[in-house]
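Have the sequence and the 3D view ready, and follow along as we go.

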Amino acid sequence: HFAIMFEALFILTTVDTGTRVGRYMVQELGGHLWKPFGRTSWYPGTVFASALIVAGWGWFLMQGVQDPMGGINALWPLFGISNQLLAAVALTVSTTIIIKSGRGRYAWTTLLPLGWVLLVTTTASWQKLFHIDPRIGFLSHATKMADNAASGLLTDATASRLIFNDHVNATLCALFVVVTWMVVVSGVRVWMRGEKREERGESGGSLALGVRT
């Protein structure tokens, strides 16, 4: 019963939410290159963006089948970081909704947790990337695996798989942080415009966001 509940309430909902948010981000970014692609109501764009995200996590599932040390085993250190960065995106969108609806005086209820989540998770991401302790940093662990292979403590095949997994983790960690901060910066620009309208006494109007939800 616990295993079924864990899958239904945790794994499936996490994959579902992550896929949907990823699809929105892909369409938001792609919309800057081609406007029709940025419309979440445009069915071909929705299918294509969803396929890209599903192909992404599907590739990691295949890696887990082909490499016992890959897949979810390799990505597990990123789970906490990605989960909290997703929370930062949600808090950014929530703040945008509050400000654009003309209730900027209540924005602190989401800005405070947003600031804390960004501070802690960005710091953790930096440490996972560049910490000199191989038990913490992805890049330092990759260097240690290369040294172990050179000294004969690991076979070249095993070391190369571990180094590849470390580089994948490092790349994804950096990508997650950059995309999250792009969303936050985009949100701040919307907040500033919303605050200026509120100071002029204008109505909040449409709830269209800088990042689509």
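Read along the sequence, the pattern goes α-α-α-α-α-α. In other words, you'll find six helices and zero strands in this chain. Helices here are DSSP runs of H or I with at least four residues, strands are runs of E with at least two, and both are numbered from the N terminus.

Before we zoom in, a word on where this comes from: it's a predicted model, where local features need pLDDT of at least 70 and side-chain atom pairs count only at pLDDT 80 or more, while totals for chains, interfaces and linings use all residues. Residues are numbered from 1 along each chain as its sequence is written, and side-chain values use heavy atoms, with hydrogens and water left out.

Now for the whole chain. Of its 213 residues, 34% count as buried; that means under 20% relative accessible area, while exposed means over 50% and partly exposed is in between (1.4 Å probe, protein chains only). The chain exposes about 13,000 Å², and carbon and sulfur atoms supply 69% of that area. These areas come from the Shrake-Rupley method with a 1.4 Å probe, and for residues only the protein chains shown count as cover. What about contacts, meaning heavy atoms within 4.5 Å? Among those with a separation of 6 or more, 64% join residues 24 or more positions apart.

Next, look for charged partners. A salt bridge is a side-chain nitrogen of Lys or Arg within 4 Å of a carboxyl oxygen of Asp or Glu, and by this rule there are two. One pairs Arg20 with Asp16, at 3.0 Å from N to O. Both sit in helix 1 (residues 2-31), four residues apart, which is about one turn of the helix. Arg20 is partly exposed at 37% relative accessibility, and Asp16 is partly exposed too, at 39%.

Asp133 and Arg135 also meet in a salt bridge, 2.9 Å from N to O. Here Asp133 is buried, with a relative accessible area of 18%, whereas Arg135 is exposed at 72%.

Finally, find Thr180 in helix 6 (residues 156-199).

Key:
Contact = heavy atoms within 4.5 Å.
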